[in-house]
Amino acid sequence: MNTDSFSRRGSIGVAVRCRYRLLLLSLLGGLAVPSCTRVSSLFDLPDTRTIGQTLGTMLAVSYAANLSNHALSVGHSGCYDMLLSDQVDTGGIDLVTIQVSKECGFPFPGQATGTISVAGVNPASGGVGVGAADFSAVRVDGRPLPITRAKGFFAVAPEQAPEHGIEELPGDDVLLERPTNPVVILFAGIQIEPSPNSGQIDQGRVDEWFAIVSRGDTVDDFSDDGYWIGGQRASFAAGSSEVAQEFAAFSSRCRANPQLGWVTLGQVADGGARTGVNFLVFAPECKGAGFVVLSISESPLSIGRRAPLDLLGGE
């Protein structure tokens, strides 16, 4: 139902809208609604900040891992600088400074500035490209990324993925297209903040993700890379907790939102006032949004509407 068309008809339209919503609510379950204002809130869009935050986090980590993998295996590109060594056959630890720009395939919409600093283990040393990255110098339209630092991510070839817990790669039904020259990114992170006044934990977050980067036929050109990401984030703080599970496929033709995928967000917060489950899906359009297909929350009648997606949601 498009409620926007009612809102442009003045006071008569408002009255009709309120009656229509009250009738709809009575048909849906005989809910007792104290006022039209309360009815209107049931149509509000769910809070999607956590969804954008998790997707933005994995895009940033995947981009850093993708270019670091290229640096540690190929060693030459205008999109990064090898700070300590330009030799890829000596092994050991290398430091890489990665450029963030559209020309270098940075997968966020907007004007990006700054660099990502990465410390990586060269695969020639027997490692698998384990890295630690600092994103604090990056700004997109003047805003920071949703992650400041990440460690413990690495990139492997698809045939190595089962050795690292990825037993099965995505099938064709959840891919925009079959990946070409793919690299698999794995990331697991735990962030715990203990209370300064007690032995308790104030808040924490656990990430468990993997991504597939389709590098196409032009391995040295990052601007046409596609990103598939999937996994989950669980976070908790005093009086609240959230769990987000999702997969999303980003095309190089659109960086504003995934072109395919879904996300489930479960929340328990504020003594039950913000408790619920929201389910969004993404379609092949580029409007910076996803579609609400289920909302068991304080806005259950938002189904079918676009919910905005902010990939720069803060930590």
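Colleague: Before we start, what should I keep in mind about the model?

Modeller: It's a predicted model, where local features need pLDDT of at least 70 and side-chain atom pairs count only at pLDDT 80 or more, while totals for chains, interfaces and linings use all residues. Residues are numbered from 1 along each chain as its sequence is written, and side-chain values use heavy atoms, with hydrogens and water left out.

Colleague: Okay, how many helices and strands does the protein chain have, and what makes a stretch count as one?

Modeller: There are 4 helices and 15 strands in the protein chain. Both are DSSP runs numbered from the N terminus: a helix is H or I with at least four residues, a strand is E with at least two.

Colleague: Why is Trp228 called buried?

Modeller: Buried means under 20% relative accessible area, exposed means over 50%, and partly exposed is in between (1.4 Å probe, protein chains only). Trp228 has 9% relative accessibility, so buried is the word. Phe210 comes out at 14%, so it's buried too. Of the chain's 315 residues, 45% count as buried.

Colleague: What makes Phe210 and Trp228 a tilted pair?

Modeller: The structure holds 6 aromatic pairs. Rings of Phe, Tyr and Trp (its six-membered ring) pair if their centres lie within 6.5 Å; planes under 30 degrees apart are stacked, over 60 edge-to-face, and the rest tilted. For Phe210 and Trp228 the centres are 5.3 Å apart and the planes sit at 40°, so the pair is tilted. Phe210 belongs to strand β9 (residues 201–214) and Trp228 to strand β10 (residues 226–237), so the pair ties together parts that are 18 residues apart in sequence. Along with Phe247, Trp262 and Phe279, Phe210 and Trp228 form one aromatic cluster.

Colleague: What makes a set of residues a nonpolar core, and which residues have the most contacts inside the largest one?

Modeller: A core is a set of buried Ala, Val, Leu, Ile, Met, Phe, Trp, Tyr and Cys residues joined through side-chain atoms within 4.5 Å. The largest nonpolar core here has 54 residues, and those with the most contacts inside it are Tyr63, Ile98, Phe106, Phe108, Ile116, Phe135 and Leu145. Helix α4 (residues 49–73) gives this core its largest share, 12 residues. Another core, of 13 residues, lies apart from it, with Ile166, Val174, Ile212 and Phe247 among them. In soluble globular proteins, nonpolar side chains tend to be buried together.

Colleague: And which residues does Phe106 contact?

Modeller: Contact means heavy atoms within 4.5 Å. Leaving aside neighbours within four places in sequence, the partners of Phe106 include Tyr63, Ile116, Leu145 and Arg255.

Colleague: How do you know that Arg49 and Asp47 form a salt bridge?

Modeller: The rule is a side-chain nitrogen of Lys or Arg within 4 Å of a carboxyl oxygen of Asp or Glu. For Arg49 and Asp47 the N to O distance is 2.6 Å, so the pair passes. Arg49 is exposed at 61% relative accessibility, while Asp47 is partly exposed at 28%. The structure holds 7 salt bridges.

Colleague: What about Arg205 and Asp207: buried or exposed?

Modeller: Arg205 has 12% relative accessibility, so it's buried, and Asp207, at 6%, is buried as well. Their side chains meet in a salt bridge at 3.5 Å, N to O. Arg233 joins Arg205 and Asp207 in a network of salt bridges.

Colleague: Last one: where is Asp141, and why is it called exposed?

Modeller: Asp141 is in the loop between β6 (139–140) and β7 (149–156).
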